[in-house]
Structure formats: C-alpha cells, structure tokens
Amino acid sequence: MTSSKIIIDSALRAAAHVRSSKLPKEVSKMASAMLSSAPSGGKHTLPDLPYGYNAMEPVISAETMTIHHTKHHNTYVANINASLEKLDAAVSAGDVSGIVGLEGALKFNGGGHINHTLFWENLCSKDDSELKDGPLKDAIQKDFGDEEAMKQELSAMSVGVQGSGWGWLGYNAKTGRIECATRANQDPLQATTGLVPLLGIDVWEHAYYVDYRNVRPEYVSAIWDVINWDTVEKRLVAAQK
C-alpha cells in the first residue's frame, strides 16, 4: 500500500454503481481518494518498522514505540479491514444507508492507518536526524524564512490542537509552497485539505504519555531531534513532480 492514502478495493468500486445523487458529497470525495490501488491480498496489514523500538530513545522510549505500533496502529488496521467487510456487505445488499453510515469508521480507521504509516517513516535515530542542504531546506527558507521559524510555527499549532489530532507540514501543489496545518482526530491530511503530507507529528496522548505524561509541549519540542529529514525531502521532491 502507498503510505499517502488508504485504499478500498472491490467494495468501493461496486459502490460506484450506486447513484451518486444518493451519497453525500463528502462520502463521494472520500471514496474517490481511496480507489487508486488495492493492498496485496485485499487486506491492510501493520507495516514493519525500519528500525528497532528503541531507536528513538531517549526522545521516545521503546515502551511507547512498542505500544503505539503493536497496539494502537494495529487496532486501526484491524478496524479498517472490518469496516471494508461491512462495506462489501452493504454494497452487495444495495444498502445505501449502510454505505453512508460507514463513512465515519472508514475515515477514522483509514486515516489512523495512513497517518501512522507516514509517522513511522518520518522518524529516525537522533544521530541520523539532520536537515541537509537541498530542495527541502531551500523550500523551508523560502516559505518560512528559516528552519527555526518553521519549527516554531508547526510546534505552536501542534501543541494547540484541542483534544487529539495531528500537526502537519504539507505541500500545496496549487501554490507550490510548504504549509503548516493541523487535523483533528485521525483525519487524513491530503484527503481533507489537498495538502500532500511531508511530516506529521502525532499529538494523541498515546504517542507521548508514557514519556512526557500530559506535557505535550515537551514532547513536541523533543520530537524535532528524531525527524528523518531525508524522508521528508523525498516526499517533497515527489510531490513537486
């Protein structure tokens, strides 16, 4: 599966035959974002991490990483698969109400799967975290003035998320600029704003409570030490094509 979108296979393709006038615009929009490809075997799976659970210590403990990956992310994977099975049954029965009723579960669990997959990829050990000279650094300087200004803006927005959600650095293809944004809960950035996700900061308490208790600002300040800037730059270069 591509990390930038959650994919629904035959069920939503069948749902396309249901008259679009019967479906809310937001459902149709979300469905379109889910159709570009299908996961191997028709089921979403928990991705393996490219590093050990202790790789981000002391910024993020092995305990937090283990729980976050094997419990929280795995729950989103299980729930999106269950929601897809329900969607398949609703489509087969021609149950438009049932299809519409699954929007929330698909968005929440699908978004949780997308967001966490992106999150694991934009982390690395403290020793490997370096923003090198290149297109990403140039773009940050152009759009924010310097790296520190970007960090301050995204940090303030991430800390300010009410309840649970995410802080994002995203690419706006219409303006050619990098922007900071936040999304509530597990709303996926690209499907809900059009911004291509470059870097995500998970500010759900499960991402930091073991290590920082409820002091979100300390967590957000510390996470900059374990950002995989090489991955962020690759995403930017791909988005600019």
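Analyst: Asp225 has a relative accessible area of 34% and is partly exposed (buried means under 20%, exposed over 50% and partly exposed in between, with a 1.4 Å probe and protein chains only). The model is predicted, and local features need pLDDT of at least 70 while side-chain atom pairs count only at pLDDT 80 or more, with totals for chains, interfaces and linings using all residues. Residues are numbered from 1 along each chain as its sequence is written, and side-chain values use heavy atoms, with hydrogens and water left out.

Lys126, at 45% relative accessibility, also counts as partly exposed. Asp225 and Lys126 form a salt bridge whose closest N and O atoms are 4.0 Å apart (a side-chain nitrogen of Lys or Arg within 4 Å of a carboxyl oxygen of Asp or Glu). Asp225 lies in the loop between α10 (216-223) and α11 (229-240), and Lys126 in the loop between α5 (103-121) and α6 (135-144), so this pair ties together parts that are 99 residues apart in sequence. Helices and strands here are DSSP runs numbered from the N terminus, helices (H or I) of at least four residues and strands (E) of at least two.

A search of the whole structure finds nine salt bridges. One of them joins the side chains of Lys43 and Glu85, at 2.5 Å from N to O. Lys43 belongs to the loop between α2 (25-33) and α3 (62-92), whereas Glu85 is in helix α3, so parts 42 residues apart in sequence are tied together. Lys43 is partly exposed, with 37% relative accessibility.

Arg177 is in strand β2 and Asp143 in helix α6, so the pair ties together parts that are 34 residues apart in sequence. Arg177 is partly exposed at 37% relative accessible area, whereas Asp143 is buried at 12%. Lys142 joins Asp143 and Arg177 in a network of salt bridges.

The sheet itself is open and has three strands, in the order β2-β1-β3, with antiparallel pairing (two strands pair if DSSP finds at least two bridges between them). β2 (177-184) and β3 (196-202) are at the edges and have a single partner strand each, so one side of each lacks a neighbour in the sheet. Strand β1 (residues 165-172) is joined to β2 by eight bridges and to β3 by six bridges, again in the antiparallel sense. A hairpin is formed by β1 and β2, with four residues between them, and Gly176 in its turn has a positive phi of about 70°.

What do the two faces of β1 carry? In a regular strand the side chains alternate between the two faces of the sheet. From β1, Gly165, Gly167, Leu169 and Tyr171 point one way, while Trp166, Trp168, Gly170 and Asn172 point the other way. Eight of the eight residues of β1 are buried.

Trp166 has Arg183 as its bridge partner in β2 and Asp202 as its bridge partner in β3. Trp168 stands opposite Ala181 in β2. The relative accessible area is 0% for Trp166, which is buried, and 0% for Trp168, which is buried as well.

Aromatic rings extend the picture. Rings of Phe, Tyr and Trp (its six-membered ring) pair if their centres lie within 6.5 Å, and planes under 30 degrees apart count as stacked, over 60 as edge-to-face and the rest as tilted. The count by this rule is eight aromatic pairs. In one of them, the ring centres of Trp166 and Trp168 are 5.4 Å apart and the planes are at 15°, so this pair is stacked. Ring pairs also bring Phe119 and Trp120 into a cluster with Trp166 and Trp168.

Beyond four places in sequence, Trp229 touches residues including Leu131, Leu136, Met150, Leu199 and Trp224 (contact means heavy atoms within 4.5 Å).
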